[in-house]
Amino acid sequence: MLVLLAGIFVVHIATVIMLFVSTIANVWMVNNSSFGTASWGLWLLCNKTCQQLPVSGGDEASLKAAQAFMILSIIFSVIALVMFIVQLFTLEKGKRFYITGAIMLVCWMCILIGVSIYTARFTGSMLMFTRPHHGYCFILAWICFCFSFIISILYLVLRKK
């Protein structure tokens, strides 16, 4: 049981770190062309220098929503990690980690909404680029989506022994 708790804790910390990286870095989409490599994410468009991500007026609300949900997912993941540590020391034997699991499910939902908005509105929609492909931050965000769901289910099922 101790090994399982340690494993979940390590995966949870890895998920928090990957969420930070995927939200902060601007490599959600990448385009290689004769002018060089350009990448963009939630915040900036980077070619040789970085500038504010150019979005049309209709897509600005979608970009702000994706940014907000990714930040919320980081916040809920950190709160769940703290709650897990608190419950580890205060929870009675035989009780389940319901609060931690519920908070991680909220984190999972925030990741789903944020990445889905970005996928629907911004994947391949930059007109100045011909063949964009997904960058490592986009892939990391979907990996965090999977990990947070698995972790939340394990927290809900796991009992303290």
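**Confidence first**

Mentor: Start with confidence. Strand β2 (residues 36-40) has the lowest mean pLDDT among the elements, at 79, while α4 has the highest, at 93. Remember that this is a predicted model.

Trainee: OK. What's the mean pLDDT of the whole protein?
Mentor: The mean is 86. Of its residues, 94% reach 70 or more.

Trainee: Now helix α1. How far apart are its end C-alpha atoms?
Mentor: They are 33 Å apart. The helix has 23 residues, 2-24, so at 1.5 Å a residue it should span 33 Å, which agrees.

Trainee: Fine. Which residues of α1 are buried?
Mentor: L5, I8, H12, T15, V16, M18, L19, S22 and T23. Look at the spacing as you read along. An α-helix has 3.6 residues a turn, so residues three or four places apart point the same way.

Trainee: And what do the buried ones pack against?
Mentor: Three helices: α2 (57-90), α3 (98-122) and α4 (136-157).

Trainee: Pick one for me. Is S22 buried or exposed?
Mentor: Buried, because its relative accessible area is 0%, and the cut-off for buried is under 20%.

Trainee: What does S22 touch?
Mentor: Leaving out residues up to four places away in sequence, S22 touches W28, M70, C137, L140 and A141.

Trainee: W28, noted. Which residues touch the most other members of the largest nonpolar core?
Mentor: W28 and Y118, in a core of 38 residues. The elements giving two or more residues to this core are α1, β1 (29-33), α2, α3 and α4. In soluble globular proteins, nonpolar side chains tend to be buried together.

Trainee: So what is Y118 in contact with?
Mentor: Setting aside neighbours within four places in sequence, Y118 contacts W28, M29, W40, G41, L42, A66, T123 and F138.

Trainee: Change of topic: strands. In what sense do β1 and β2 pair?
Mentor: Antiparallel, over five bridges. One example is N32, whose bridge partner in β2 is T37.

Trainee: And how many bridges link β2 and β3?
Mentor: Two, again in the antiparallel sense, with β3 at residues 44-46. S39 has C46 in β3 as its bridge partner.

Trainee: What joins β2 to β3?
Mentor: A hairpin, through three residues.

Technical notes:
Residues are numbered from 1 along each chain as its sequence is written. This is a predicted model: local features need pLDDT of at least 70, side-chain atom pairs count only at pLDDT 80 or more; totals for chains, interfaces and linings use all residues. Side-chain values use heavy atoms; hydrogens and water are left out. Helices (H or I, at least four residues) and strands (E, at least two) are DSSP runs, numbered from the N terminus. The expected span of a helix is 1.5 Å times one less than its number of residues. Buried means under 20% relative accessible area, exposed over 50%, partly exposed in between (1.4 Å probe, protein chains only). Contact means heavy atoms within 4.5 Å. A nonpolar core is a set of buried Ala, Val, Leu, Ile, Met, Phe, Trp, Tyr and Cys residues joined through side-chain atoms within 4.5 Å. pLDDT is the predictor's confidence in each residue, from 0 to 100. Two strands pair if DSSP finds at least two bridges between them.
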